[in-house]
Amino acid sequence: MADGEFNGEFYLRYYVGHKGKFGHEFLEFEFRPDGKLRYANNSNYKNDTMIRKEVFLTPAVLRECRRIVNDSEIMKEDDNNWPEPDRVGRQELEIVMGNEHISFTTSKIGSLMDVQTSKDPEGLRIFYYLVQDLKCFVFSLISLHFKIKPI
Amino acid sequence: MANAEVEAVDFEPDDDDLMDEDVGDGSPSRAAATIPRLKSAITGGGSSTPKKTKGRGFRDEAAAEADRNARMAGRFDSLDSDGGPGPERSIEGWIVLVTGVHEEAQEDDLQNAFGEYGEIKNLHLNLDRRTGFVKGYGLIEFEKFDEAQQAINEMDGTELLTQTINVDWAFSKGPFRRRNMRRRSPRGHRSRSPRRRF
């Protein structure tokens with residue numbers, strides 16, 4: 001069974017965003033096979049500008065990211081019954097793990113209610129929680145690496 | 001697909017061979033007519049194994065990819081480094097990653113275990129968003145390199161709350177090579193025998 005958990009390639013990209021009054025507001029991060037983590041957060045709210053950070057992660061961090069993805073079992077899911085992206089927003093999750101490559105798109109998920117009332121609550125729930133866990137991981141990595149602690 | 005504004009990226013989407021997926025092997029493909037193209041950044045340009053693909057993201061490949069390139073183009077901020085191998089210092093200290101953390105661990109457990117190596121400047125012990133238990137990793141910041149190095153040396157592979165933890169650096173100064181990439185020794189094929197002296 002080629003779950004590719006610790007062997008083979010790994011790539012992960014997540015995007016969430018929408019286009020509206022404050023421009024193209026989005027959050028996107030990318031774990032690349034060479035260890036580079038890229039993070040971008042854009043909004044024109046109050047004329048804000050884009051934040052873009054990148055840093056190289058060690059193999060240990062990539063392994064932990066793979067474990068998180070593997071434990072979620074997202075690779076077994078499929079987005080064909082998930083809500084399509086719409087005016088409110090769009091999410092994209094693209095993962096290469098071993099010899100599998102998924103690229104899911106869906107609308108923004110406001111809350112668990114949206115998950116429960118969808119046509120694939122089980123799958124969407126996995127997506128919903130995985131995205132939260134990944135965001136936690138990325139925000140920790142980025143803020144620890146780049147942010148100065150206030151006094 | 002040419003996007004002339006792409007700059008400062010590791011890969012050249014136009015130059016590198018984009019891997020055309022070989023659908024002849026019977027792998028299921030959501031995009032029936034289009035053969036999904038793998039960005040060379042994803043594969044690192046090295047692999048040639050065909051992938052099983054799944055998902056609506058493989059539709060409208062060209063338009064989506066152009067959007068992505070535009071978003072991910074441009075300069076990304078990073079801390080200065082010489083790009084060599086080895087750990088990289090973060091803004092105010094050195095970050096180590098602890099994995100295999102028991103799901104009922106508390107911040108105090110990490111404080112107690114790691115605090116003896118130096119003052120812990122920052123500690124993140126994130127929770128699983130669904131279960132509320134610890135997700136399994138922690139990030140610890142030490143002010144000094146030696147403190148972090150000692151924590152790694154002494155705590156990696158030890159037990160915390162009955163579970164084996166692993167401890168390593170979190171950030172690196174440069175990219176790492178994948179295991180199965182051929183390494184070229186700097187000596188090449190030169191002989192190691194001492195040179196003849198005249």
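Author: In this predicted model, A:Leu12 stands opposite A:Phe31, a residue of strand S2(A). The strand that pairs with S2(A) here is S1(A): the two run antiparallel and are joined by 9 bridges. S1(A) covers residues 10–20 and S2(A) covers residues 23–31. Together, S1(A) and S2(A) form a hairpin, with 2 residues between them.

A:Phe31 also has a partner in another strand, for its bridge partner in S3(A) is A:Leu37. S2(A) and S3(A) run antiparallel as well, joined by 6 bridges. They too form a hairpin, here with 4 residues between the strands. In that turn lies A:Gly35, whose phi is positive, at about 100 degrees.

The next matter is the contact with the second chain. S1(A), S2(A) and S3(A) each supply at least two residues of the side of chain A that touches chain B, and so do other elements, including strand S4(A) and helix H1(A). Helix H3(A), residues 121–146, gives the most to this side, with 11 residues. Sorted by class, the side of chain A that touches chain B holds 29 nonpolar, 15 polar and 24 charged residues.

Taken as a whole, the contact draws on 68 residues from chain A and 66 residues from chain B. The size of an interface is often given as the accessible area lost when the parts come together. Between chain A and chain B, the buried area is about 5,800 Å², and carbon and sulfur atoms give 53% of it.

Polar and charged links also cross this interface. There are 36 residue pairs in polar contact between the two chains, counting pairs in which both residues are at pLDDT 80 or more. The salt bridges between chain A and chain B number 8. One salt bridge is formed by B:Arg59 with A:Glu84, where the closest N and O atoms are 3.1 Å apart.

Strand pairing extends across the two chains as well. S6(A) pairs with strand S3 of chain B, residues 52–54, in the parallel sense over 3 bridges. Within this pairing, A:Ile102 stands opposite B:Lys54 of S3(B).

Methods:
Residues are numbered from 1 along each chain as its sequence is written. Chains are lettered from A and ligands numbered from 1 in the order in which they are written. This is a predicted model: local features need pLDDT of at least 70, side-chain atom pairs count only at pLDDT 80 or more; totals for chains, interfaces and linings use all residues. Side-chain values use heavy atoms; hydrogens and water are left out. Contact means heavy atoms within 4.5 Å. Buried area is the accessible area (1.4 Å probe) that two parts lose on being put together, summed over both. A salt bridge is a side-chain nitrogen of Lys or Arg within 4 Å of a carboxyl oxygen of Asp or Glu. A polar contact is a pair of N or O atoms within 3.5 Å; within protein, one must be able to donate a hydrogen and the other to accept it, and residues adjacent in sequence count only if both atoms are side-chain atoms. Ala, Val, Leu, Ile, Met, Phe, Trp, Tyr, Cys and Pro count as nonpolar, Asp, Glu, Lys and Arg as charged, and the others, Gly among them, as polar. Two strands pair if DSSP finds at least two bridges between them.
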